[in-house]
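User: I would like to go through this model with you, one topic at a time. Please keep the answers plain.

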Amino acid sequence: MDRFEKKHRTPAKKHLPHRDTPREKRDAPQELPDDVLVGRNAVVEALKAGRGINKILLAHGDRPHDIQELVALAKERGVVVQSVERSKIDALAAGHRHQGVLAYVAPVPYVELDDILARAEAKGEPPFLVLLDELEDPHNLGALLRTADAVGAHGILIPRRRSVPLNATVAKTSAGAVEHVPVARIGNVVQTLKLLKERGCWVVGADMDGTPYDAADLTGPLVLVVGSEGKGMSRLTKETCDIIVSLPMVGKINSLNASVAGSVLMYAALRQRLSVNK
């Protein structure tokens, strides 16, 4: 190639990212997760419809009169409302117009405690409930829901605060059990346990220092309490239980995953209940 050709050679075209992609397509909102709802009206209507809502995020600085109805409805239903920087909602909303409002919703509606007790009564069976004391891992909750369905538990109870809510991860881990096992959100754990004891339930908690699980009577109206990962049951919850049961441990590790321990105890209860009904 001579000098003239080098000098006048047409330069190669540089690749420009997104050159052939329309701007409106590049700026299109991303798909929201199944457990996220955005927008003032959408969240208000979800509250009015009684949909299960785990938590609502509101952007700092919003005019009070714009969200007055939303806050009142959330308070009426006992839904946690948290004020955050608008940038956090921007990131979570993934490009969707949110008006400073974002809600984490449950994949299925929560029920009331009385609904679970009525379910047991309709089946002619003594109540079999599982209360999770501040469980934090959604995978553990999903696994326990799956076992609860397998053993015929009538429902699961979780605290409104300091506890993992129903969300998309829980639903996926449960392999569909979330559609069949009712979940109720409760306020104070100790007060709820006392109420259930007044209704004739026997409260059995899981802890390392308890009676061997196979020596306990797990038939009849039963509330099985499983503590959180690492900490176990709170002191007050433990003191409210009628009996504490433990699982034998002969290995080097002195504790089990919460969902494993809960599942073993649920099957122990099922075995006893089946033998009584023979």
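User: Which residue forms a salt bridge with glutamate 239?

Analyst: The partner of glutamate 239 is arginine 235, with the closest N and O atoms 3.1 Å apart. A salt bridge here is a side-chain nitrogen of Lys or Arg within 4 Å of a carboxyl oxygen of Asp or Glu. Please note that this is a predicted model: local features need pLDDT of at least 70, side-chain atom pairs count only at pLDDT 80 or more, and totals for chains, interfaces and linings use all residues. Residues are numbered from 1 along each chain as its sequence is written, and side-chain values use heavy atoms, with hydrogens and water left out.

User: Where do glutamate 239 and arginine 235 lie?

Analyst: Both are in helix α10, four residues apart, which is about one turn of the helix. Helices (H or I, at least four residues) and strands (E, at least two) are DSSP runs, numbered from the N terminus.

User: Is glutamate 239 buried or exposed?

Analyst: Glutamate 239 counts as exposed, at 53% relative accessibility. Arginine 235 is also classed as exposed, at 57%. The classes are buried under 20% relative accessible area, exposed over 50%, and partly exposed in between (1.4 Å probe, protein chains only).

User: How many salt bridges does the structure hold?

Analyst: There are eight salt bridges. One of them joins aspartate 207 to lysine 238, where the closest N and O atoms are 3.1 Å apart. That pair links distant parts of the chain, since aspartate 207 is in strand β8 and lysine 238 is in helix α10 (residues 235–240), 31 residues apart. Lysine 238 is partly exposed, with a relative accessible area of 31%.

User: What about glutamate 45 and lysine 48?

Analyst: Their side chains meet in a salt bridge of 3.9 Å, N to O. Because they are three residues apart in helix α3 (residues 40–48), about one helical turn separates them. Glutamate 45 is partly exposed at 47% relative accessibility, and lysine 48 is partly exposed at 49%.

User: Which residues are linked with them in a network of salt bridges?

Analyst: The network consists of Glu45, Lys48 and Glu69.

User: Changing topic: where is aspartate 133, and what is its nearest side chain of opposite charge?

Analyst: Aspartate 133 is in strand β5 (residues 128–133). This residue is buried yet has no salt bridge, and the nearest side chain of opposite charge, arginine 162, is 7.4 Å away. For that search, Lys and Arg count as positive and Asp and Glu as negative, while His and the chain ends are not counted.

User: What lies 2.9 Å from a polar atom of its side chain?

Analyst: The backbone nitrogen of serine 234 is at that distance from the aspartate 133 side chain. Leaving aside neighbours within four places in sequence, aspartate 133 is in contact (heavy atoms within 4.5 Å) with several residues, including Val189, Val225, Gly232, Ser234 and Thr237.

User: Which side chain has a polar contact with aspartate 114?

Analyst: The side chain of arginine 199 does, at 2.8 Å. A polar contact is a pair of N or O atoms within 3.5 Å; within protein, one must be able to donate a hydrogen and the other to accept it, and residues adjacent in sequence count only if both atoms are side-chain atoms. Aspartate 114 belongs to helix α6 (residues 113–122) and is partly exposed at 45% relative accessibility.

User: And threonine 147, is it buried or exposed?

Analyst: Threonine 147, in helix α7 (residues 138–151), counts as buried at 11% relative accessibility. A polar contact of 2.8 Å joins its side chain to that of serine 263. Not counting residues up to four places away in sequence, threonine 147 touches Ser263, Met266 and Tyr267.

User: Finally, how many helices and strands does the protein chain have?

Analyst: The protein chain has 11 helices and 10 strands. Of its 278 residues, 42% count as buried. Among contacts with a separation of 6 or more, 80% are between residues 24 or more positions apart.
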